[in-house]
Amino acid sequence: MLFKTYLQQVASLSEEEWEAASSVFIRDTYPKGAYYIREQQYCNKISFIEKGLFKLFYLHEGAEKIMMFFSEQQFVTDYFSYLTRTPSVRPIQAVEDSVVYSIFREDLEALFNTSKSWERIGRLLSERSYIISVQRANQLLHDNPDTRFDALMREQPELLQRVPQYMIASYLNVKPETLSRIKRRRMGLDSIKPSVHDPIDPDLT
(Lines give C-alpha, C1' and ligand atoms only; values in the text may rest on other atoms or scores of the structure.)
Protein backbone atom coordinates (compact mmCIF):
# COMPACT_ATOMS: atom_id res chain seq x y z
CA MET A 1 0.00 0.00 0.00
CA LEU A 2 1.38 3.41 -1.01
CA PHE A 3 0.22 5.01 2.26
CA LYS A 4 2.03 2.45 4.42
CA THR A 5 5.20 2.72 2.34
CA TYR A 6 5.21 6.50 2.69
CA LEU A 7 4.76 6.37 6.47
CA GLN A 8 7.53 3.81 6.87
CA GLN A 9 9.88 6.28 5.21
CA VAL A 10 9.02 8.88 7.86
CA ALA A 11 9.21 6.64 10.94
CA SER A 12 9.54 2.92 11.40
CA LEU A 13 6.15 1.48 12.39
CA SER A 14 5.74 -1.92 13.98
CA GLU A 15 2.98 -4.17 12.71
CA GLU A 16 1.03 -3.44 15.90
CA GLU A 17 1.33 0.32 15.35
CA TRP A 18 0.27 -0.03 11.73
CA GLU A 19 -2.69 -2.24 12.60
CA ALA A 20 -3.86 0.26 15.23
CA ALA A 21 -3.74 3.02 12.62
CA SER A 22 -5.28 1.09 9.74
CA SER A 23 -8.45 0.59 11.77
CA VAL A 24 -9.03 4.35 12.14
CA PHE A 25 -7.87 5.67 8.75
CA ILE A 26 -10.86 5.82 6.40
CA ARG A 27 -10.59 5.48 2.62
CA ASP A 28 -12.53 8.32 0.97
CA THR A 29 -13.13 9.26 -2.66
CA TYR A 30 -13.74 12.79 -3.93
CA PRO A 31 -14.96 13.23 -7.50
CA LYS A 32 -13.69 16.24 -9.41
CA GLY A 33 -15.35 19.38 -8.05
CA ALA A 34 -16.27 17.87 -4.67
CA TYR A 35 -15.32 19.80 -1.55
CA TYR A 36 -12.96 18.34 1.01
CA ILE A 37 -13.89 21.23 3.31
CA ARG A 38 -16.21 24.17 2.66
CA GLU A 39 -15.91 27.71 3.93
CA GLN A 40 -17.16 28.06 7.52
CA GLN A 41 -16.80 24.32 8.18
CA TYR A 42 -14.43 23.15 10.92
CA CYS A 43 -11.70 20.95 9.46
CA ASN A 44 -11.32 18.09 11.93
CA LYS A 45 -9.42 15.61 9.76
CA ILE A 46 -6.14 15.11 7.93
CA SER A 47 -5.89 13.01 4.77
CA PHE A 48 -3.12 11.31 2.82
CA ILE A 49 -3.61 11.62 -0.95
CA GLU A 50 -3.15 8.31 -2.72
CA LYS A 51 -4.43 9.63 -6.04
CA GLY A 52 -5.65 13.00 -7.25
CA LEU A 53 -5.26 16.72 -6.75
CA PHE A 54 -6.82 19.36 -4.48
CA LYS A 55 -6.69 23.15 -4.34
CA LEU A 56 -6.92 25.35 -1.24
CA PHE A 57 -8.25 28.81 -2.07
CA TYR A 58 -10.18 31.84 -0.89
CA LEU A 59 -12.48 34.32 -2.61
CA HIS A 60 -11.46 37.96 -2.91
CA GLU A 61 -13.92 40.36 -4.54
CA GLY A 62 -15.51 37.42 -6.32
CA ALA A 63 -12.21 36.09 -7.68
CA GLU A 64 -10.72 32.76 -6.69
CA LYS A 65 -7.22 33.00 -5.21
CA ILE A 66 -5.45 29.63 -5.05
CA MET A 67 -3.01 29.37 -2.17
CA MET A 68 -1.91 25.73 -2.35
CA PHE A 69 -2.16 22.59 -4.43
CA PHE A 70 -2.01 19.15 -2.78
CA SER A 71 -1.26 16.03 -4.82
CA GLU A 72 -0.14 12.41 -4.48
CA GLN A 73 1.92 11.45 -1.44
CA GLN A 74 1.02 14.66 0.37
CA PHE A 75 -1.32 15.32 3.28
CA VAL A 76 -4.26 17.65 2.73
CA THR A 77 -6.04 19.67 5.42
CA ASP A 78 -6.77 23.23 6.48
CA TYR A 79 -4.17 23.07 9.21
CA PHE A 80 -5.11 26.42 10.77
CA SER A 81 -8.74 25.35 11.17
CA TYR A 82 -7.60 21.93 12.40
CA LEU A 83 -5.29 23.33 15.09
CA THR A 84 -7.47 26.22 16.28
CA ARG A 85 -10.80 24.40 16.04
CA THR A 86 -12.23 27.39 14.20
CA PRO A 87 -14.31 27.49 10.99
CA SER A 88 -12.29 27.43 7.79
CA VAL A 89 -12.09 30.55 5.64
CA ARG A 90 -10.30 28.66 2.86
CA PRO A 91 -12.23 25.91 1.07
CA ILE A 92 -10.43 22.85 -0.28
CA GLN A 93 -11.81 21.32 -3.48
CA ALA A 94 -10.87 18.34 -5.62
CA VAL A 95 -9.41 19.36 -8.98
CA GLU A 96 -9.35 15.73 -10.16
CA ASP A 97 -11.09 12.54 -9.08
CA SER A 98 -9.20 11.74 -5.89
CA VAL A 99 -8.65 8.94 -3.37
CA VAL A 100 -7.48 9.72 0.16
CA TYR A 101 -7.03 8.06 3.54
CA SER A 102 -8.47 10.26 6.29
CA ILE A 103 -8.15 10.30 10.06
CA PHE A 104 -10.15 12.44 12.47
CA ARG A 105 -8.46 14.59 15.08
CA GLU A 106 -9.52 12.52 18.10
CA ASP A 107 -8.26 9.28 16.56
CA LEU A 108 -4.95 10.87 15.56
CA GLU A 109 -4.38 12.26 19.04
CA ALA A 110 -5.07 8.81 20.47
CA LEU A 111 -2.34 7.39 18.20
CA PHE A 112 0.07 10.10 19.39
CA ASN A 113 -0.67 9.21 23.01
CA THR A 114 -0.01 5.50 22.54
CA SER A 115 2.83 5.40 19.98
CA LYS A 116 6.19 7.17 19.89
CA SER A 117 6.47 6.43 16.17
CA TRP A 118 3.15 8.10 15.43
CA GLU A 119 4.13 11.01 17.66
CA ARG A 120 7.29 11.39 15.56
CA ILE A 121 5.30 11.24 12.33
CA GLY A 122 2.98 13.96 13.61
CA ARG A 123 5.87 16.22 14.62
CA LEU A 124 7.75 15.83 11.34
CA LEU A 125 4.68 16.42 9.21
CA SER A 126 3.71 19.47 11.28
CA GLU A 127 7.20 20.91 10.86
CA ARG A 128 7.09 20.36 7.12
CA SER A 129 3.64 21.94 6.86
CA TYR A 130 4.93 25.05 8.62
CA ILE A 131 8.02 25.28 6.41
CA ILE A 132 5.98 24.95 3.21
CA SER A 133 3.53 27.63 4.41
CA VAL A 134 6.36 30.07 5.14
CA GLN A 135 8.01 29.31 1.80
CA ARG A 136 4.77 29.96 -0.03
CA ALA A 137 4.08 33.23 1.82
CA ASN A 138 7.60 34.51 1.21
CA GLN A 139 7.48 33.64 -2.48
CA LEU A 140 4.27 35.64 -2.87
CA LEU A 141 5.66 38.57 -0.90
CA HIS A 142 9.21 38.75 -2.24
CA ASP A 143 9.53 36.94 -5.57
CA ASN A 144 8.55 38.48 -8.88
CA PRO A 145 6.15 36.58 -11.21
CA ASP A 146 8.96 35.17 -13.37
CA THR A 147 10.71 33.75 -10.30
CA ARG A 148 7.46 32.27 -8.99
CA PHE A 149 6.95 30.58 -12.36
CA ASP A 150 10.51 29.21 -12.26
CA ALA A 151 9.86 27.83 -8.76
CA LEU A 152 6.70 26.14 -10.02
CA MET A 153 8.60 24.56 -12.92
CA ARG A 154 11.24 23.30 -10.52
CA GLU A 155 8.93 22.02 -7.78
CA GLN A 156 5.62 21.04 -9.46
CA PRO A 157 6.04 21.06 -13.27
CA GLU A 158 3.28 18.47 -13.69
CA LEU A 159 0.70 21.07 -12.66
CA LEU A 160 1.00 22.72 -16.07
CA GLN A 161 -0.51 19.58 -17.62
CA ARG A 162 -2.99 18.82 -14.83
CA VAL A 163 -4.82 22.11 -14.27
CA PRO A 164 -6.19 24.89 -16.51
CA GLN A 165 -4.05 27.93 -17.15
CA TYR A 166 -6.36 30.23 -15.18
CA MET A 167 -5.68 28.14 -12.05
CA ILE A 168 -1.92 28.36 -12.60
CA ALA A 169 -2.30 32.13 -13.01
CA SER A 170 -4.29 32.35 -9.79
CA TYR A 171 -1.67 30.29 -7.94
CA LEU A 172 1.11 32.58 -9.20
CA ASN A 173 -1.02 35.65 -8.41
CA VAL A 174 -0.96 36.96 -11.99
CA LYS A 175 -3.54 37.42 -14.74
CA PRO A 176 -3.84 34.65 -17.36
CA GLU A 177 -2.49 36.93 -20.10
CA THR A 178 0.51 37.74 -17.89
CA LEU A 179 1.13 34.03 -17.41
CA SER A 180 1.14 33.52 -21.19
CA ARG A 181 3.83 36.19 -21.55
CA ILE A 182 5.89 34.67 -18.72
CA LYS A 183 5.72 31.23 -20.31
CA ARG A 184 6.94 32.62 -23.63
CA ARG A 185 9.82 34.35 -21.87
CA ARG A 186 10.84 31.55 -19.53
CA MET A 187 10.25 28.32 -21.44
CA GLY A 188 13.47 27.03 -22.94
CA LEU A 189 15.73 29.26 -20.89
CA ASP A 190 18.57 27.51 -19.11
CA SER A 191 18.90 30.07 -16.31
CA ILE A 192 16.53 29.77 -13.37
CA LYS A 193 16.06 32.73 -11.11
CA PRO A 194 16.64 31.79 -7.46
CA SER A 195 13.69 32.19 -5.15
CA VAL A 196 13.89 33.86 -1.77
CA HIS A 197 13.22 30.34 -0.47
CA ASP A 198 14.46 27.48 -2.61
CA PRO A 199 12.60 24.20 -2.06
CA ILE A 200 13.64 22.16 0.95
CA ASP A 201 14.83 18.59 0.82
CA PRO A 202 11.62 16.49 0.58
CA ASP A 203 13.13 13.85 2.89
CA LEU A 204 11.25 14.31 6.17
CA THR A 205 13.68 12.24 8.16
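**A cavity and a sheet**

Arg136, Gln139, Arg148, Ala151, Leu152, Glu155, Gln156, Tyr171 and Leu172 line the largest cavity. On a 1 Å grid over the protein atoms alone, a cavity is a set of points where a 1.4 Å probe fits but cannot get out, and lining residues have an atom within 4 Å of a point. The elements giving two or more residues to this lining are α5 (116–142), α6 (145–155) and α8 (165–172), and α6 gives the largest share, four residues. Helices (H or I, at least four residues) and strands (E, at least two) are DSSP runs, numbered from the N terminus. The largest cavity holds about 80 Å³ of space, a volume being the space filled by probe spheres set on grid points joined across faces, edges and corners.

This is a predicted model, where local features need pLDDT of at least 70 and side-chain atom pairs count only at pLDDT 80 or more, while totals for chains, interfaces and linings use all residues. Residues are numbered from 1 along each chain as its sequence is written, and side-chain values use heavy atoms, leaving out hydrogens and water.

Now for the strands. An open sheet of four strands runs in the order β1-β8-β3-β6 with antiparallel pairing; strands pair if DSSP finds at least two bridges between them. Its edge strands are β1 and β6 (75–76), each pairing on one side only. Five bridges join β1 to β8 (residues 98–104), and Tyr30 has Ser98 in β8 as its bridge partner.

Arg27 sits in strand β1 (residues 26–30).

Notes: On a 1 Å grid over the protein atoms alone, a cavity is a set of points where a 1.4 Å probe fits but cannot get out, and a pocket is an open set with protein on both sides within 12 Å along at least five of seven lines; lining residues have an atom within 4 Å of a point.
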